Amino acid sequence: MTLDIAAIRSHFPALQQPAIFLDNPGGTQIARQSLERIHTYLTRTNANHGGEFATSRASDATIDAARAAMADFLNASRPEEIVFGPNMTSLTFNLSRALARTFQPGDLLVVTHLDHDANISPWLSVVIEPGGQKGSFICITATPWEWKNVPPFSPPAT
Ligand SMILES: Cc1ncc(COP(=O)(O)O)c(C=O)c1O
């Protein structure tokens with residue numbers, strides 16, 4: 001199958017200018033269809049969730065449909081598995097705080113320098129911040145090529 005690059009580019013308004021976007025995730029370009037949906041949402045149904053009024057119901061329906069579409073796209077079992085948030089960093093901070101409640105002394109958290117800092121700082125914070133479980137710790141491998149030298153994980157004696 002040959003991709004029609006010109007057709008694909010035509011869906012991205014930001015690519016209709018003579019600029020090169022070198023910042024990939026943080027500068028992700030948005031397709032026209034998504035921009036139009038965001039515009040429609042903000043101009044017609046922007047409302048608090050769970051309300052008993054028309055715009056709130058319409059807002060909830062839009063979000064429900066988006067979760068269902070994303071669940072289908074990601075092959076998730078249920079739309080409830082899909083969580084939208086402000087950005088990946090904030091969501092990972094939320095996840096690390098939630099999981100930190102279940103940490104036991106001796107649990108091992110592993111992050112690597114292969115990860116973006118957005119997947120390192122949230123985990124460091126739950127170990128270092130007051131309330132972090134004593135005994136849990138993080139192992140950071142220094143470089144990708146050291147990864148193969150990391151021994152099989154076994155919790156340290158506490
Ligand atoms: C590879 C990578 N992962 C994660 C992030 C964090 O994403 P967000 O801005 O959604 O928190 C970035 C940000 O640019 C990134 O480049």
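Which residue takes a positive phi of about 60 degrees just after H3? That residue is Asn75. Helices and strands here are DSSP runs numbered from the N terminus, with helices (H or I) having at least four residues and strands (E) at least two. Asn75 sits in the loop between H3 and H4, and its phi is positive even though it is not a glycine. Asn75 also counts as exposed, since it has 6 C-beta neighbours inside 10 Å. On the scale used here, a residue is buried if 20 or more other C-beta atoms lie within 10 Å of its own, exposed if 12 or fewer, and partly exposed in between, with C-beta atoms placed from the backbone.

A word on what is being looked at. This is a predicted model, in which local features need a pLDDT of at least 70 and side-chain atom pairs count only at pLDDT 80 or more, while totals for chains, interfaces and linings use all residues. Residues are numbered from 1 along each chain as its sequence is written. As for pLDDT, it is the predictor's confidence in each residue, from 0 to 100. The protein averages 82, and 78% of the residues score at least 70. Where pLDDT is low, the predicted coordinates should not be read in detail.

Now for the overall layout. The protein has 5 helices and 2 strands, and from the N terminus on they run α-α-α-α-β-α-β. Buried residues make up 4% of its 158 residues. Of the contacts with a separation of 6 or more, 47% join residues 24 or more positions apart; a contact means that two C-beta atoms, placed from the backbone, lie within 7 Å.

Two of the helices can be checked against an expected span, which is 1.5 Å times one less than the number of residues. H2 (residues 32-45) has 14 residues and reaches 19 Å from its first C-alpha to its last, close to the expected 20 Å. None of those 14 residues is buried, so H2 lies largely in the open. H3, with 21 residues, reaches 30 Å, close to the 30 Å expected.

Ala65 belongs to H3 and is exposed, with 12 other C-beta atoms within 10 Å. Its C-alpha is separated by 8.8 Å from that of Pro79, 14 residues apart along the chain. Phe84 turns up in the loop between H3 (54-74) and H4 (88-100). Phe84 is exposed too, with 9 other C-beta atoms within 10 Å. Phe84 and Met70 are 14 residues apart in sequence, and their C-alpha atoms are 10.0 Å apart in space.

Another phenylalanine, Phe21, is found in the loop between H1 (5-10) and H2. Phe21 counts as exposed, with 11 C-beta neighbours inside 10 Å. Leaving aside neighbours within four places in sequence, Phe21 is in contact with Gly27 and Gln29.

Finally, there is the ligand. Around it are Pro25, Gly26, Asn87, Met88, Thr89, His116 and Ala118, where a residue is near a molecule if its C-beta atom, placed from the backbone, lies within 6 Å of it. This shell has 3 nonpolar, 4 polar and no charged residues. In that count, Ala, Val, Leu, Ile, Met, Phe, Trp, Tyr, Cys and Pro are nonpolar, Asp, Glu, Lys and Arg are charged, and the others, Gly among them, are polar.
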